[in-house]
Amino acid sequence: MPSFNQSIFHPTVFFLTGIPGFETYHAWIFIPFCCLYVIAISGNGMILFVIIIESSLHEPMYYFLSMLSFTDLGLCLSTLVTMVGIFWFNAREISFDACIGQMFFIHGFTFMESSVLLAMAFDRYVAICNPLRYVTILTNSRIIKVGFAIVIRGTTALVPLLLLLKRLSFCGSHILHHSYCFHPDVMKLSCTDTKINSAFGLAIVISTAALDSVLILLSYVLIIHSVLSIASPEERKKAFGTCVSHISAVAIFYIPMISLSLVHRFGKHAPPLVHTLIANIYLLIPPVMNPIIYSVKTKQIQKAMVKMVLSKII
């Protein structure tokens, strides 16, 4: 990584990082990243489009899936500009206000995705444990209310967090470890007291992602208890089969998130390359894998996509 004279840094400018040690090959390295972005944006966009136009998919499960695709699209688009700028144009500078804006969208869509996964877990719980009341519990009006609640929950807590960040002073290194602005990464560069910021950030994580993961786990404990009470092995297999896609989505979302949090908290001496790779996996793998998982595992989505493609060809 090239060295920078700290004295030339304006206090409101940061420098983003690509792949440390491989700056010469950034243009080539971004080709696989570009493919991942194309897959994520086209895959999630296609699922959204199919659910909107196909009336047979106008059911609670697919409404929640469309919300998941929307948040994944938001995550991709939140980092696309800075990634292209770094890897293809060596445009590493980002103003503090632009950094704050990017953080708002990245963390906002992350918390919204966590809430959507919780809503999908509740959907599976009602469908399996109380199927006779499924239609009466998950009505269209309630799903709309859940959607608004997810957006509000994912964004309102971020406003005071980012306002607290704006009060900090940055008088040392302004070089970030990632290709985008991430709250813990920016906060570490401050030369003022960040105890309030850390405590408030931890409180938000606990009240959103941590709480959601516990409730998702609880919902599956209840689902497993209900499924095991089913006498027929075929019915058990069918019930568990409806949960495979969601369990996979939960795993590919929370495992990278936990890994990134652990690296930021305990990996101070880890190589910069480790921080960068985990940070990119955290934001790219879920948007790439979710449409693939649901396209492969959900027959209704498969049929709707085939129908759409055939209609275009004809």
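Student: What makes Cys99 and Cys181 a disulfide?

Tutor: In this predicted model, the sulfur atoms of Cys99 and Cys181 are 1.9 Å apart. The cut-off is within 2.5 Å, so the pair qualifies as a disulfide. The link of Cys99 and Cys181 is left-handed, with -120 degrees about the S-S bond.

Student: Where in the chain do Cys99 and Cys181 sit?

Tutor: Cys99 belongs to helix 3 (residues 96-129), while Cys181 is in the loop between helix 6 (158-166) and helix 7 (183-187). The two are 82 residues apart, and the pair links distant parts of the chain. As for accessibility, both Cys99 and Cys181 are buried.

Student: How many disulfides does the rule give?

Tutor: The count comes to two disulfides.

Student: Why is Cys171 called exposed, and why is Cys191 called partly exposed?

Tutor: Exposed requires over 50% relative accessible area, and buried means under 20%. Cys171 has 61% relative accessibility, so Cys171 counts as exposed. Cys191 has 42%, which falls in between, so Cys191 counts as partly exposed.

Student: What pattern do the disulfides follow?

Tutor: With bonded cysteines counted along the chain, the pattern is 1-3, 2-4.

Student: How do you know that Cys34 is in no disulfide?

Tutor: The nearest cysteine sulfur is that of Cys35, at 6.0 Å. A disulfide needs sulfur atoms within 2.5 Å, so Cys34 is left without a partner. Cys34 has a relative accessible area of 25%, so this residue is partly exposed.

Student: What about Cys129?

Tutor: Cys129 is in no disulfide either; the nearest cysteine sulfur, from Cys243, is 8.8 Å away. With 25% relative accessibility, Cys129 counts as partly exposed.

Student: Why are helix 8 and helix 10 called roughly antiparallel?

Tutor: Helix 8 and helix 10 (residues 244-266) pack at an angle of about 150 degrees, with their axes 12 Å apart. Angles over 145 degrees count as roughly antiparallel, and therefore that is the term for helix 8 and helix 10. Their crossing is left-handed.

Student: Which residues make the contact between helix 8 and helix 10?

Tutor: Helix 8 contributes Ala209, Asp212, Ser213, Ile216 and Tyr220, and helix 10 contributes His246, Ile247, Val250, Tyr254 and Met257. These residues divide into seven nonpolar, two polar and one charged.

Student: What makes the phi of Asn90 worth a look?

Tutor: Most residues other than glycine have a negative phi. For Asn90, phi is near 55 degrees, a positive value in a residue other than glycine. Asn90 lies in the loop between helix 2 (60-89) and strand 2 (93-95).

Student: Is Asn90 buried or exposed?

Tutor: Asn90 has a relative accessible area of 57%. The cut-off for exposed is over 50%, so Asn90 is exposed.

Student: Why is Ile53 called partly exposed?

Tutor: The relative accessible area of Ile53 is 48%. That lies between the 20% and 50% limits, so Ile53 is partly exposed. Ile53 is found in helix 1 (residues 26-53).

Student: What separates the C-alpha atoms of Ile53 and Met308?

Tutor: The C-alpha atoms of Ile53 and Met308 are separated by 9.2 Å, with the residues 255 apart along the chain.

Terms used: Residues numbered from 1 in each chain as written. Predicted model: local features only at pLDDT ≥ 70, side-chain atom pairs only at ≥ 80, totals over all residues. Heavy atoms only, no water. Helix = DSSP H or I, 4+ residues; strand = E, 2+ residues; numbered from the N terminus. Buried < 20%, exposed > 50% of the residue type's maximum accessible area, 1.4 Å probe, protein only. Axes fitted to C-alpha atoms, helices over the stretch in contact; angles between N-to-C directions. Parallel < 35°, antiparallel > 145°, perpendicular 65-115°, else oblique. Left-handed = near helix turned anticlockwise from the far one by under 90°. Contact = heavy atoms within 4.5 Å. Nonpolar A, V, L, I, M, F, W, Y, C, P; charged D, E, K, R; others polar.
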